[in-house]
Amino acid sequence: MNFSALGLWFSYFLRCKGPNRIHSPFIYDLYFHHILERRPYYAFVGLRKLRAQLLADERVLEGNDWGAGEFRTRKVSHIAARALQPEREAELLFRLVLFFRPKTIIELGSSLGLTTLYLHNARPSATLHTFEGHSGTAQFARRLFEQNGAAEIMLHEGPFAETLPELLFGGLKPDWVLLDGDHRYGPLLQYMNMLKPHLTENSVVVVDDIRWSSGMWKAWKQLCDDPFWELKLDIGKMGILIRRKAQTPQHFILRYPN
Ligand SMILES: C[S@@+](CC[C@H](N)C(=O)[O-])C[C@H]1O[C@@H](n2cnc3c(N)ncnc32)[C@H](O)[C@@H]1O
């Protein structure tokens, strides 16, 4: 973690609110019963085993990395330890999908596909599109979906800047999105601008790693200033943007304890 990220985390801990300071019934329910909840779901058992297998997998994946713009080799165990959402956050994403009950989910940044499987298990009836730029990783994720009874997940391989508009202009209307790919200011806003005209009235976008760098933080602040979103929830590592016409626009900085 760099110095500016440390400062951002420090100010988060000073400013975040506990549950007794929330008055909106919708946010209260979301926060109390879904974000803070730790109840294990049946699906978590298998997904935990799968994570352990990935962490022990010494195979090497190679391919063109569109995110970095170069050819790269990566060990599965290395990716599993560093790039995937940690278990706690993957379970939180599962609960967020359960709460919002989306019809069409988009994930930018499939990596090995483990978090994608959490999203799928939370709502198997939803159409799920996931995007990955590294070819070896994309192939691995596709196999993982097949081996885990989720071959219907659609993985789009290639740079987001090409694959995302291709899909959106085909008429897709996403209502739940996870942005967990390119963690840079410009590209993040670019993908959001591509998505916005296609999002439904009640859509939700989860932005990962908002305190990862000053660029990510700047992008998050800019997104929070956009009146397109009624609700903005900052839970530390992630930011959640919600469209909800009936709601007075509000911004919450919420404690998300370990
Ligand atoms: C942090 S990982 C995603 C982790 C995944 N959501 C999970 O929790 O299991 C980010 C992924 O996005 C891919 N990526 C980054 N920038 C990209 C871009 N511009 N186009 C396509 N893929 C990109 C990387 O190859 C990497 O696998």
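Trainee: Which strands does helix α8 lie across, and at about what angle does α8 run to β4?
Mentor: This is a predicted model. Helix α8 spans residues 160-168. It lies across β3, β4 and β5. Its angle to β4 is about 160 degrees.

Trainee: Which strands does helix α7 lie across, and at about what angle does α7 run to β5?
Mentor: Helix α7 covers residues 135-147. It lies across β4 (127-132) and β5. Its angle to β5 is about 170 degrees.

Trainee: Which are the edge strands of the open sheet of eight strands?
Mentor: The strand order is β5-β4-β3-β6-β7-β9-β8-β10, and the pairing is mixed. An edge strand pairs on one side only.

Trainee: How many bridges join β3 to β6, and which residue in β6 does leucine 108 stand opposite?
Mentor: Strand β3 holds residues 104-108, and β6 holds residues 176-179. The two run parallel, joined by four bridges. Opposite leucine 108 stands leucine 179.

Trainee: Why are the buried residues of α10 on the same side?
Mentor: In α10 (residues 214-224), the buried residues are Met216, Ala219, Trp220 and Leu223. They share a side of α10 because their arc around the axis is only 100 degrees. An α-helix has 3.6 residues a turn, so residues three or four places apart point the same way. The value to keep is the arc of only 100 degrees.

Trainee: What covers the buried residues of α10?
Mentor: The buried set is Met216, Ala219, Trp220 and Leu223. Their cover includes α9 (185-195), β7 (204-207) and β9 (239-242).

Conventions. Residues numbered from 1 in each chain as written. Predicted model: local features only at pLDDT ≥ 70, side-chain atom pairs only at ≥ 80, totals over all residues. Buried ≥ 20, exposed ≤ 12 C-beta atoms within 10 Å, placed from the backbone. Arc of directions from axis to C-beta. Contact = placed C-beta atoms within 7 Å. Pairing = 2+ DSSP bridges. Axes fitted to C-alpha atoms, helices over the stretch in contact; angles between N-to-C directions.
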